[in-house]
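Walk me through this structure, please.

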Amino acid sequence: MTQEELDILTVKMLTQPEQLTDAEIEAIVGDEELRGIYDAAVKTKMASVRPEEVDVDAAWREFSDKHIGVAERKPVPWFRQRFTRFAAAIVVGVAVVSAFMFSHGLIEISQSGYTALVDTIKGVSGAGEHEKLAQVDLPDTLMEAVKDTIINKKPVKRVRPRVSAVPKRNLANADVTIDKQQIPVSDATQLADNDKGVEIDPEMALQIARQQARIENQMAIYRAEQYRSMYKSACRSYGRDPAHRPVQTNMYNENSSGQSGFMKVVMQ
Amino acid sequence: MQYTVTEFEAIYKRCYPRAVGLAHSLLYDAEEAMDIAQQVFAALWDTRIQVDNPDAFVYRSVKNMCINRINTNNNRERIKKLYAIDTETIDDDIDKRLDDVRDAIKSLSTREQEVVNEIFSQGSTYREAAANLNVSVSTINKNVVSALRSLRAHFKIQKK
């Protein structure tokens with residue numbers, strides 16, 4: 001290739017590269033002189049590129065918006081931290097369950113009903129108070145209360161058996177179905193009438209007590225299911241494996257009788 | 001151990017301008033350069049680990065990504081875009097190499113420097129360069145060719 005041909009091809013390479021033939025492309029790539037000039041042109045171009053003014057802050061904002069989560073960019077305020085939200089979810093759940101229980105009054109034994117029950121037991125034939133108590137079949141929690149009143153002569157109180165005392169019974173085998181129609185709705189009224197001298201059938205009183213115990217069991221199961229459901233829901237919300245391990249925690253609770261305090265809850 | 005957002009922001013703001021400049025020098029396209037720089041920083045962030053030398057990681061990654069992009073072009077496309085044909089010659093110390101080229105350009109005649117500036121830096125066509133420098137297109141052709149020959153000779157000597 002003559003010097004003149006080289007010059008012509010150099011100019012064509014720089015000004016009209018799209019019109020280069022395959023042979024000319026091969027010459028540029030393979031010919032030492034042409035290739036040297038092409039490489040010099042590339043280096044000159046690379047060195048001549050004027051750097052653009054870059055807005056680093058804007059580029060960073062774009063980058064962080066796209067690649068860095070909002071949660072990672074800013075410190076999480078306490079009210080948005082996972083633990084706080086987790087605890088809040090549980091507290092709200094407990095409040096809902098308690099409100100449900102309170103509004104339905106399903107586990108209440110009224111003061112007058114309890115008094116009537118005690119009187120009924122006192123009326124059962126038997127030599128002593130222990131013998132009288134031995135003849136009745138009451139749930140453990142209610143029996144304790146009745147013993148306190150009959151044997152220990154403690155004053156009559158409103159009796160709302162604590163749910164935490166119930167698990168002594170076999171909840172898994174509880175086969176009671178809540179049917180509000182079966183609950184002697186007017187038991188409190190009827191038993192209250194007993195205070196005024198209306199006679200009440202002892203069998204009726206026992207049925208009431210048994211029914212109360214069944215309801216008590218059912219509510220314990222219901223509440224346990226609620227806790228389990230709340231816990232699983234919270235686990236799902238916060239990406240935690242509910243089957244990972246049981247969590248034991250103390251939860252503040254207030255039941256429908258106004259008792260309050262911390263209750264130990266083991267969530268499986 | 002991964003970078004905190006604050007640490008990463010400091011690296012980003014320190015390295016981003018040079019990363020974009022490097023990619024711009026290799027691809028001649030500002031938008032593409034910024035895109036590549038963002039991709040490299042995204043890769044660094046996504047690794048979730050701290051690298052020993054983040055600055056070197058960024059520049060090497062930008063260079064490699066640019067080379068990969070150049071290598072997707074065949075020789076005809078490379079010549080059309082004036083991309084390097086032999087990308088293996090692009091080393092990590094590209095900034096110094098480009099400074100050497102700038103020094104070499106300064107050794108050209110004034111007219112050649114003007115022509116090189118018009119064609120390669122301003123991106124003017126030969127006709128525009130001729131009009132701007134008040135010379136003929138033929139003169140521009142001659143000056144470009146002579147400038148490149150001089151530079152080629154300069155690099156050849158430097159290589160030896």
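**A buried ring and its surroundings**

At 0% relative accessibility, Phe8(B) counts as buried. Buried means under 20% relative accessible area, exposed means over 50%, and partly exposed lies in between (1.4 Å probe, protein chains only). This is a predicted model, in which local features need pLDDT of at least 70, side-chain atom pairs count only at pLDDT 80 or more, and totals for chains, interfaces and linings use all residues. Residues are numbered from 1 along each chain as its sequence is written, chains are lettered from A and ligands numbered from 1 in the order in which they are written, and side-chain values use heavy atoms, with hydrogens and water left out.

Start with the rings. A pair of aromatic rings is described by the distance of the centres and the angle of the planes. Rings of Phe, Tyr and Trp (its six-membered ring) pair if their centres lie within 6.5 Å; planes under 30 degrees apart count as stacked, over 60 as edge-to-face and the rest as tilted. Over all chains, the whole structure holds 13 aromatic pairs. One of them joins Phe63(A) and Tyr12(B), a tilted pair at 5.2 Å centre to centre with 35° between the planes. This pair crosses between chains, from helix H4 of chain A to helix H1 (residues 5–27) of chain B. Helices (H or I, at least four residues) and strands (E, at least two) are DSSP runs, numbered from the N terminus. Both Phe63(A) and Tyr12(B) are buried.

Phe8(B) has a ring partner in Trp45(B). Their centres are 5.1 Å apart and their planes are at 65°, so the pair is edge-to-face. Phe8(B) is in helix H1 of chain B and Trp45(B) in helix H2 (residues 30–47) of chain B, 37 residues apart. Trp45(B) is buried, with a relative accessible area of 3%. Both of these pairs belong to one aromatic cluster, formed by Trp60(A), Phe63(A), Tyr3(B), Phe8(B), Tyr12(B), Tyr16(B), Phe41(B) and Trp45(B).

Now take the interface as a whole. In chain A, 46 residues are in contact with 49 residues of chain B. Contact means heavy atoms within 4.5 Å. The area buried between the two chains is about 4500 Å², and carbon and sulfur atoms give 68% of it. Buried area is the accessible area (1.4 Å probe) that two parts lose on being put together, summed over both.

Charge also spans the two chains. Side chains of opposite charge can pair when their charged atoms come close. A salt bridge is a side-chain nitrogen of Lys or Arg within 4 Å of a carboxyl oxygen of Asp or Glu. There are 7 salt bridges between chain A and chain B. One of them links Arg149(B) to Glu33(A), with the closest N and O atoms 3.1 Å apart.

Leaving out residues up to four places away in sequence, Ser25(B) touches Met46(A), Val49(A) and Leu98(B). His24(B) is in helix H1 of chain B too, and is buried with a relative accessible area of 7%. Beyond its neighbours within four places in sequence, the contacts of His24(B) include Val49(A), Arg50(A), Pro51(A) and Glu52(A).

Finally, look inside each chain. Chain A has 11 helices and 2 strands. Of its 268 residues, 38% count as buried. Leu34(A), in helix H3 of chain A, is buried with a relative accessible area of 0%. Leu34(A) and Leu9(A) are 25 residues apart in sequence, and 8.3 Å apart in space from C-alpha to C-alpha. In chain B, Arg69(B) and Glu32(B) meet in a salt bridge (3.3 Å, N to O). Arg69(B) lies in helix H3 (residues 54–71) of chain B and Glu32(B) in helix H2 of chain B, so the pair ties together parts that are 37 residues apart in sequence.
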